[in-house]
Amino acid sequence: MPASPSTARAINDRLALRLLQQEGPLTAGQLKQLTGLSRPTVADLVERLTAAGLITVVGEAGEQRRGPNAKVYGIVADRAHLAALDVRTDSVAVAVADLVGRVLAEASVPIGDGAGTGPAVEQAVTLVEQVAKEAGADRLHTVGIGAPGLIDPSSGELRDSTGLPEWHRRLVAALQERLPEARVSVENETNLAALAEQRDGAARDRDTFVLLWLGHAPGAAVVLDGALRRGASGGTGEIGFLPVPGTAALPSATDCEGGFHSLASSSAVVALAAECGIPVTPEEQTSAAGVVRAAVAVVRAAADGAGSPTPGPEAPAPPAPAPTARFLDALADRLAVGVASVVAILDPGCVVLGGEVGQAGGEELASRVQDRIARMTPLRTEVRATTLGGGAVLRGALLTARDRAQEELFTPGEPPPQPSPGW
């Protein structure tokens, strides 16, 4: 059945707006070439989108040629402002951007364990308001939040989880109350990091991959055939609970100690560094900044370079490896246990080592893990280092906020879409 004239116009408008988002400002001639539409149809859609306040003239093309210059059209970036939050156990980071995703202001604050639920929520909400003001945003259209924990697939809400601060769950409602005109949604932090790596990072050429997040606590995100997989309860990727060899006990339903968490959390990485002769103080092993200390230890080891080459039959025995090399090898052994389990079940073909620790290890750590996986499984798997590091969560939250805002604003005359979990 052929589309009605109004439906055809809406389809053409959405196509043009998507091209302007992806390619940047374009002339009417370029829109005609990219869409395959006739010149009159392009002229009509440009007039409609301009009248709707969605696009505007942002310059001219052909200043070097004689004759009339072609107008260049771009999306009206300040039509809507977006906020993204990266909510950690002990901190929150905020970025505010325009409709095309250009970051206008950003800031972060630490939130201590003893802050209390109410003060912690107020601290986070106040930071959002301050960053929005600095960005010149009178109101926020969409707010995307990345947080640790499980997202209920039916409600899209952050579920109550043992070990996570109560203020995380209260934050969404508090933001919605303080910003009644904004669309506020929350997604698991590792899932958002995977989106960012797929769109802007190390997995841009992959439709199927697994992101192994290495930060305060390990996590994983699974993308199969271009789609994020959450599982029946939203718990796909809770790799910290994976039972693994090398731990003193088994994890429980309320405690991931004894699981992969015991091998790959930031505190475990710092303790491993100390065992390998990289000095750390007891305070550093247990401090809230453990993820930073872990990343420092890893980047120092990675900077020292790869291990010694394997000697030949008559070559003298190589000297004992330096503490940093021992540490990097031992960490790769640990990570390979978790990666091999993921590979055996999903066969993703690609695993990205993300988070602050994954970024710190870079190619030195990724290549070590890949070598071990090649010996542990016949399933060919490429292991890559993140290109976004700890900033992937905030980037993913901003991308989802931008997508949701554009989905609504780029559909004139249709009601706003109902909130749904995930991207």
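User: Which residues does Leu-365 touch, leaving out those up to four places away in sequence?

Analyst: Please keep in mind throughout that this is a predicted model. Leu-365 touches Val-298, Leu-328, Leu-331, Ala-332, Leu-335, Leu-353 and Val-357, when residues up to four places away in sequence are not counted. As a general idea, nonpolar side chains in soluble globular proteins tend to be buried together. Here, the largest nonpolar core has 42 residues, and Leu-365 is among the members that touch the most others, along with Val-298, Phe-327, Leu-353 and Val-369.

User: Which helix gives the largest share of this core?

Analyst: Helix H11 (residues 323–346) does, with ten residues. Another core, of 32 residues, lies apart from this one; its members include Val-92, Ala-124, Leu-171 and Leu-175.

User: How should I read a sheet, and what is the strand order in the open sheet of five strands?

Analyst: The order here is E11-E10-E9-E12-E13, and the pairing is mixed. Strand E11 (227–229) and strand E13 (382–385) are at the edges with a single partner strand each, so one side of each has no neighbour in the sheet. From one strand to the next, the twist averages 25°.

User: In which sense, parallel or antiparallel, do strands E9 and E12 pair?

Analyst: Strand E9 (residues 209–214) pairs with strand E12 (residues 350–354) in the parallel sense, over four bridges. Within this part of the sheet, Val-210 stands opposite Val-351 in E12. H11 packs on the sheet and touches E9, strand E10 (218–224) and E12; the direction of H11 makes about 155° with that of E9.

User: How many bridges join E9 and E10, and how many residues lie between them in their hairpin?

Analyst: E9 and E10 are joined in the antiparallel sense over six bridges. Three residues lie between these two strands in the hairpin.

User: What joins E10 to E11?

Analyst: E10 and E11 run antiparallel and are joined by three bridges. Leu-224 stands opposite Ala-227 in E11. These strands also form a hairpin, with two residues between them, and Asp-225 in the turn has a positive phi of about 55°. As for burial, E10 is mostly covered, with six of its seven residues buried.

User: How does one describe the packing of two helices, and what is the angle between H1 and H13?

Analyst: One gives the angle and the separation of the axes, then names the residues that meet. Helix H1 (residues 5–23) and helix H13 (residues 392–409) pack at about 150°, and their axes are 11 Å apart. Since angles over 145 degrees count as roughly antiparallel, H1 is roughly antiparallel to H13. The crossing of H1 past H13 is right-handed. At this contact, Arg-14, Arg-18 and Gln-21 in H1 meet Arg-402, Gln-406 and Glu-407 in H13.

User: Does His-261 count as buried or exposed?

Analyst: Relative accessibility is the value to consult. His-261 counts as buried because its relative accessibility is 11%, and the cut-off for buried is under 20%. This histidine is in helix H7 (residues 261–264). His-261 touches Ala-217, Pro-218, Gly-240, Cys-256 and Ala-268, residues up to four places away in sequence not being counted. After H8 comes Gly-277, with a positive phi near 95°.

User: What does the relative accessibility of Ala-173 make it count as?

Analyst: Ala-173, in helix H5 (residues 166–178), counts as partly exposed because its relative accessibility is 49%. Ala-173 and Val-121 are 52 residues apart in sequence, while their C-alpha atoms are 9.9 Å apart in space.

User: Finally, how many helices and strands does the protein have?

Analyst: The protein has 13 helices and 13 strands. Of its 423 residues, 48% are buried. Among contacts with a separation of 6 or more, 64% are between residues 24 or more positions apart.

Technical notes:
Residues are numbered from 1 along each chain as its sequence is written. This is a predicted model: local features need pLDDT of at least 70, side-chain atom pairs count only at pLDDT 80 or more; totals for chains, interfaces and linings use all residues. Side-chain values use heavy atoms; hydrogens and water are left out. Buried means under 20% relative accessible area, exposed over 50%, partly exposed in between (1.4 Å probe, protein chains only). A nonpolar core is a set of buried Ala, Val, Leu, Ile, Met, Phe, Trp, Tyr and Cys residues joined through side-chain atoms within 4.5 Å. Contact means heavy atoms within 4.5 Å. Two strands pair if DSSP finds at least two bridges between them. Axes are lines fitted to C-alpha atoms, for helices over the stretch in contact, and angles run from 0 to 180 degrees between N-to-C directions. Angles under 35 degrees count as roughly parallel, over 145 as roughly antiparallel, 65 to 115 as roughly perpendicular and the rest as oblique. A crossing is left-handed if the near helix is turned anticlockwise from the far one by less than a right angle, and right-handed if clockwise.
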